Amino acid sequence: MTARILRALLGVVLLAGAGCALPRIHAPATALLHDDLADNPDGHVLLAVTGEGFGRRSSAGRVRLRNADGRLLLELAATDHTGVPLWSDQRLVLVAPAALAGKPALTVEVATGVVGTPPAAVAFFTYEHFDVPRTDPDSNPSPLAIAVDHRSRVAVVEEFQTQVKRFDPSAGWQVFDLPQGPTQGIFASELFNGGATRVSLFGEQIIVDPADRIWTTQGGWMLYSGAHPNHSRVVMIEADGGAARIWPVPGDDNSVVGIAYDPASERVWFTQAQRAQREGDTTHVAHPARLTSFDPRAIAPDARFDFIAHEHCERPADAALGVCSATPARRCFDDGDCVLAARVCRDEQSDDRGCFREVAIPTPADGKPLALPGPLLRHSDGTLWFSGYWGDNDLGRFDPASGAFQRFPLPRPPGEASCDMSDCVCFPPRDSARRACPMRCCLYVLIGRGPWGLAEDAGGNLAFTAQEAGAVALLPRDRFDDPRCARLNADGTNPCIVEYPLPNYDPEITQLHSVVADDAGNLWFGESRVDGLDRDPARGAALGYVQAGTGRVILLPPPSLYPYASSGRECRPVGEPVAFSATGIAFDPRRGAIWNADYCRKRLGRLLPLPPPAR
């Protein structure tokens, strides 16, 4: 046994005895090939190595890239900040020469001194991006949610939008204008001088039904408290295009977000926020948060409906609530609540083909009322899942057949532990002398983890993300009806939920939005950066996946390393770098592609694995 081997073995023993983690790669490492000369003029290959035990950057650290036959192609020292712009304990990012693009059987090893990892394969992906067209000069939308149809076309709904868009990689963009009635605007927001606007702020989910029809929603800002109407609509685009079909939603201040299509009943489901007003310390509720469905075959669309009420809210002077004059079963604060009131199904009405059926989301006995439900998912078992985004910090499940609700509470967000709110208040009045609490801490109070993206995997399990959680989570199908899932353990965790934490998660800058399962069972997600800001692009937000079978989190290189400067309309001031910020994510099984919405850069991104999957 040589002295070199003895020293290596002794190093391993000493490290183990000292409790130091040995380096380990969560295979595969990943590489991006991007041939955009503006972004990547030198043709560099970006690589990411996710794992553990890499330690800090030091002169002893090395990364070695080898060919299929084991021949060394490139060795990078940890101290080489150009070749290794990021070296952290759980994640390495490398910038390699263009010549490595032609080495599909590449392997990578990481050495931290006397110990190193076995070689791990490198999975290659091509990365492309496509600018979302900006065709309405009166709005500045950003892509928020996406869905892929059977023809590999990507449907896009944006935040701050007046249109729906669809991208065909072989034919380009289609833009569908969404007309409104002859008013100054049927939506309202504090962001637009506190007035009426034709720009929809809500409409944060988009789906494609089995016939490739696009469904999405529009709505005004939930927190608007002014005098203008603030309505919501359901939008449908036929598979072959044409004029949008639009269904006005009865009432006012609906704040519709989630939408789902039930192919069994051919009904469309959507969420509605709590309709409430606050007077002093008292909150008056006209309608709780709801799940609502309607049959689009039985109710005629009306794209130019003006939302003018044809009945009045009869409200005594000393009463917080009234009733609609021609529909006394409908409670109201003002006339806007009585718009299309007669089109809402009465509780005793059994035939709901021609009306909107509202189902109130109950408040748990030990919880808060849900103020704003997020996205919806129709599960293959026929139930509907919804994100308890604002006010309840949980997931909900509804069975339309039985009318039963279930709730699955979530732990508190990990970043909350660093918040000291003993000497501050959230959202103090402008003339208040009290110190304002940090915004992220106030968000924890309002939304908890902020559950958002929902997906069903091949086994029927429910995958989900939460904006402030720093983890992708899974609720196994065989636990759906386990009563233990309806409450948290003594340590504040849900015993039925499995979490897969992100490496190097920073709660102050990182958010998660959406999740999708691919054909292999991997759960893909995208990180985003608050306000589009990356102080260090090598630590930037990335796409990644939870690996099927192992539960390991695999990150791709951060696209923020491909520079993008703001024109003043992309989340940052003019000339500042704009971070990659993934919101919506979708899988195209026909091409094996992962699509993402890059919110601040206003792009769609497409990842294609190499070699392409056989079909």
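User: Which residue stands opposite Glu314 in β26?

Analyst: Val323 stands opposite Glu314. The model is predicted: local features need pLDDT of at least 70, side-chain atom pairs count only at pLDDT 80 or more, and totals for chains, interfaces and linings use all residues. Residues are numbered from 1 along each chain as its sequence is written, and side-chain values use heavy atoms, with hydrogens and water left out.

User: How do you know that β25 is joined to β26?

Analyst: 2 bridges join β25 to β26 (residues 322-324). Strands pair if DSSP finds at least two bridges between them. The two strands therefore pair, and they run antiparallel. Strands are DSSP runs of E, at least two residues, and helices are runs of H or I, at least four, numbered from the N terminus.

User: What is the strand order in the open sheet of 3 strands?

Analyst: The order is β25-β26-β27, with antiparallel pairing.

User: What makes β25 and β27 edge strands?

Analyst: Each pairs on one side only. They cover 313-314 and 331-332, respectively.

User: Why is the contact of Arg134 and Glu570 called a salt bridge?

Analyst: Their side chains meet at 3.0 Å, N to O. The rule asks for a side-chain nitrogen of Lys or Arg within 4 Å of a carboxyl oxygen of Asp or Glu. The contact qualifies. Arg134 lies in the loop between β9 (120-131) and β10 (142-148), and Glu570 in the loop between β40 (553-555) and β41 (582-588), so the pair ties together parts 436 residues apart in sequence. By this rule the count comes to 39 salt bridges.

User: Why is Glu570 called buried?

Analyst: Its relative accessible area is 2%. Buried means under 20%, exposed over 50%, and partly exposed in between (1.4 Å probe, protein chains only). Glu570 is therefore buried. Arg134, at 38%, falls in the middle class and is partly exposed.

User: What makes Arg353 and Asp351 a salt bridge?

Analyst: Their closest N and O atoms are 2.8 Å apart. Arg353 counts as exposed at 52% relative accessible area. Asp351 is partly exposed at 37%.

User: How do you know that Asp481 and Arg397 meet in a salt bridge?

Analyst: Their N to O value is 3.2 Å, which passes the rule. The pair links distant parts of the chain, 84 residues apart: Asp481 sits in the loop between β35 (471-475) and β36 (498-501), Arg397 in β31 (residues 394-399). Asp481 is exposed at 60%. Arg397 is buried at 8%.

User: What makes a space in this structure a cavity, and how many of 30 Å³ or more are found?

Analyst: On a 1 Å grid over the protein atoms alone, a cavity is a set of points where a 1.4 Å probe fits but cannot get out; lining residues have an atom within 4 Å of a point. Points are joined across faces, edges and corners, and a volume is the space filled by probe spheres set on them. The search finds 2 cavities.

User: What is the lining of the largest cavity by class?

Analyst: It has 8 nonpolar, no polar and 2 charged residues. Nonpolar are Ala, Val, Leu, Ile, Met, Phe, Trp, Tyr, Cys and Pro; charged are Asp, Glu, Lys and Arg; the others, Gly among them, are polar. Lining residues include Leu410, Phe464, Arg449 and Glu499. β34 (462-466) and β35 each supply at least two.

User: What is the class make-up of the second largest cavity's lining?

Analyst: It has 1 nonpolar, 3 polar and 5 charged residues. Among them are Pro250, His287, Arg275 and Asp337. Arg275 and Asp337 also belong to a network of salt bridges with Asp253 and Asp334.

Technical notes. On a 1 Å grid over the protein atoms alone, a cavity is a set of points where a 1.4 Å probe fits but cannot get out, and a pocket is an open set with protein on both sides within 12 Å along at least five of seven lines; lining residues have an atom within 4 Å of a point.
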